[in-house]
Each structure stands twice: as structure tokens, then as C-alpha cells.
Amino acid sequence: MRILVPYLATHGLRPFHRFFPDMLWRVDAQARTAYLTFDDGPTTECTRPLLDILAEYNAQATHFLLGHHAEQHPDLVDAIVSAGHRVGNHTYRHPDPWSTPQEELARELHRTTEILEDLVHAPVRALRPPYGHPTGFLREWCATQNQRMVMWDVMPGDYLQTATAERVSSFVINHIRPGSVIVLHDNPICEDVTPQALDTILDTLTARGWQFDAL
Ligand SMILES: [Zn+2]
């Protein structure tokens, strides 16, 4: 199980990428550039440790924030954008799009866009659906609101109970490709895993010439 989930969420989805070209799975790139993304923040437990590690390796990332977390921690949102990272919408309270009425999802998305744009003073144009669950409604919403739904091509499963920093970092190092979009979490459930994994990922890959940009 501990190997199966990241494997399926990575390799299992790759055949579907071409059927949903409106959703971003991987950036078209030849060079050793990849895109780290962090979902669920900002949090008092993880955001600053993650930002410190990113800064150490001069890496940029995209942080898909929850509206209610951003409201509670405007200082952390400020720290994220001040460090040159970008923010995206991860809804207000993380409802599952597969079981949430469209009107409620729309309210969550608009409310979060407003909160984030007020804090960062710039348009927010990227959405990561909670649980990575896209729907036809979300795709339509993105098209009409000039938003981009950002999925991934590397999902190491740092949120799993069985995750370890070593497994997460090895998975990313073994699966990264030019233009990869990598999902990690700014979430207390993986505070003992993700920062340590990120340090190993950046230490190993920057030594091999990889760079990390924001989407
Ligand atoms: Zn999430």
C-alpha cells in the first residue's frame, strides 16, 4: 500500500493527461526545471520551515492555500509572497468536489480568491482541487474565470500515514522529469516528513543542475 498509492497517483494518471489538456499536469520543458507545489497551508507548523528550506536552495514554489488558513495567518501569506513564491486557490475549507454541491464549491472558490487577492495584491490564477478531485464544473469554472487547474505528474504521498522523509524524497528524485509538477503538503499531518524530504530533494537535485520555479 505504501508504495502503491504514490505509484498509482503518479504513473496511473499519466495516460489520462492528454485527455484533459485544459488541466496542467506537467509544463512543456526540456531543461532541468521543475515545479514544487504545497497544498493546504499556510500553517504555523510547516510554512516557515518549508520557506527556510526553499530559500536555502534558491527554489521557488507555488502554494495552494486554504482560504480559512490564509485568513487566520495573513503574516504567513505575506512571508510566502515576500519570498517570491506564488499562491493559488485550494478552496476555503477543503470540501471534496466529488460530493459538494456546485453552488457551495463556487462560493468556496470565490471567497478564497477574494481573500488571497486582498492579501497578495495580485490576481490569483491557479486552482488545485481538494483531494486532487477535478469535476466538469470545476473545469468550466476555470474556463469562465480565467483560472488554470493545476494537477501534477509526481505525487509522492507525503500525507500518507506510512510516509517517511526517505521514501518521499526518493520517490521525487526517481520520478522527476523536465517540467514536472510535484505535490507536497504544508500540513501538520506531515510536519515530520515533508520538510526533511524537501531538504533532501533540493540538496540532491540542485547538485544535479535542477532548478525550481513557481507556476
Ligand atoms: Zn489539500
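Colleague: Let's start with Asn-58: is this residue buried or exposed?

Modeller: Happy to begin there, and please keep in mind that this is a predicted model. Asn-58 has 11 C-beta neighbours inside 10 Å, so Asn-58 counts as exposed. You will find Asn-58 in the loop between H2 and strand S3 (61-65). Its backbone deserves a look too: Asn-58 has a positive phi of about 55°, although it is not a glycine.

Colleague: Which feature of the backbone does Asn-146 show?

Modeller: A positive phi of about 60°, again in a residue that is not a glycine. Asn-146 sits in the loop between helix H6 (136-145) and strand S6 (148-150). With 8 other C-beta atoms within 10 Å, Asn-146 is exposed.

Colleague: Where can I see a cis peptide bond?

Modeller: Look at the bond that joins Gly-41 and Pro-42, where omega is about -5°. Pro-42 belongs to the loop between strand S2 (33-39) and helix H2 (47-56).

Colleague: Now for helices. How should I describe two that pack together?

Modeller: Take H2 and helix H8 (residues 194-207), which pack at an angle of about 10° with their axes 10 Å apart. Angles under 35 degrees count as roughly parallel, and H2 and H8 are therefore roughly parallel to each other. On the H2 side the contact is made by Pro-49, Leu-50 and Ile-53, and on the H8 side by Pro-195, Leu-198, Asp-199 and Leu-202. Sorted by kind, the residues of this H2 and H8 contact are 6 nonpolar, no polar and 1 charged.

Colleague: How do H2 and helix H4 (residues 74-82) pack, and at what angle?

Modeller: At about 10°, with the axes of H2 and H4 11 Å apart. H2 and H4 are therefore roughly parallel to each other as well. Here H2 contributes Thr-47, Arg-48 and Leu-51, while H4 contributes Leu-76, Ala-79 and Ile-80. The residues of the contact of H2 with H4 divide into 4 nonpolar, 1 polar and 1 charged.

Colleague: Let's turn to strands. Which strands pair with S2?

Modeller: Let's take these pairings one by one. Strand S8 (residues 211-212) runs parallel to S2 and is joined to it by 2 bridges; Thr-33 has Gln-211 as its bridge partner in S8. Strand S7 (residues 181-185) pairs with S2 in the parallel sense over 5 bridges, and the partner of Asp-39 in S7 is His-185. S3 also pairs with S2 in the parallel sense, over 4 bridges, with Leu-36 opposite Ala-61 in S3.

Colleague: Why is S2 described as largely enclosed by the rest of the structure?

Modeller: Because 6 of the 7 residues of S2 are buried.

Colleague: What should I look for on the two faces of a strand?

Modeller: In a regular strand the side chains alternate between the two faces of the sheet. Strand S4 (residues 86-89) shows both faces covered: Arg-86 and Gly-88 on one side, Val-87 and Asn-89 on the other, are all buried. S4 pairs with S3 in the parallel sense over 4 bridges, and Phe-64 has Gly-88 as its bridge partner in S4.

Colleague: Which residues is Arg-111 in contact with, leaving aside its neighbours within four places in sequence?

Modeller: Gly-67 and Tyr-92. Arg-111 lies in helix H5 (residues 102-120), and its 17 C-beta neighbours inside 10 Å make it partly exposed.

Colleague: Finally, how many helices and strands does the whole protein have?

Modeller: There are 8 helices and 8 strands. For overall shape, compare the radius of gyration with that of a compact globule: with 215 residues we would look for a value near 17 Å, and the protein has 16 Å, which agrees. The C-alpha trace spans about 45 × 40 × 35 Å along its principal axes. Of the 215 residues, 42% count as buried. Residues 24 or more positions apart account for 79% of the contacts with a separation of 6 or more.

Conventions:
Residues numbered from 1 in each chain as written. Predicted model: local features only at pLDDT ≥ 70, side-chain atom pairs only at ≥ 80, totals over all residues. Buried ≥ 20, exposed ≤ 12 C-beta atoms within 10 Å, placed from the backbone. Contact = placed C-beta atoms within 7 Å. Axes fitted to C-alpha atoms, helices over the stretch in contact; angles between N-to-C directions. Parallel < 35°, antiparallel > 145°, perpendicular 65-115°, else oblique. Nonpolar A, V, L, I, M, F, W, Y, C, P; charged D, E, K, R; others polar. Rg over C-alpha atoms; globule rule 2.2 N^0.38 Å. Pairing = 2+ DSSP bridges.
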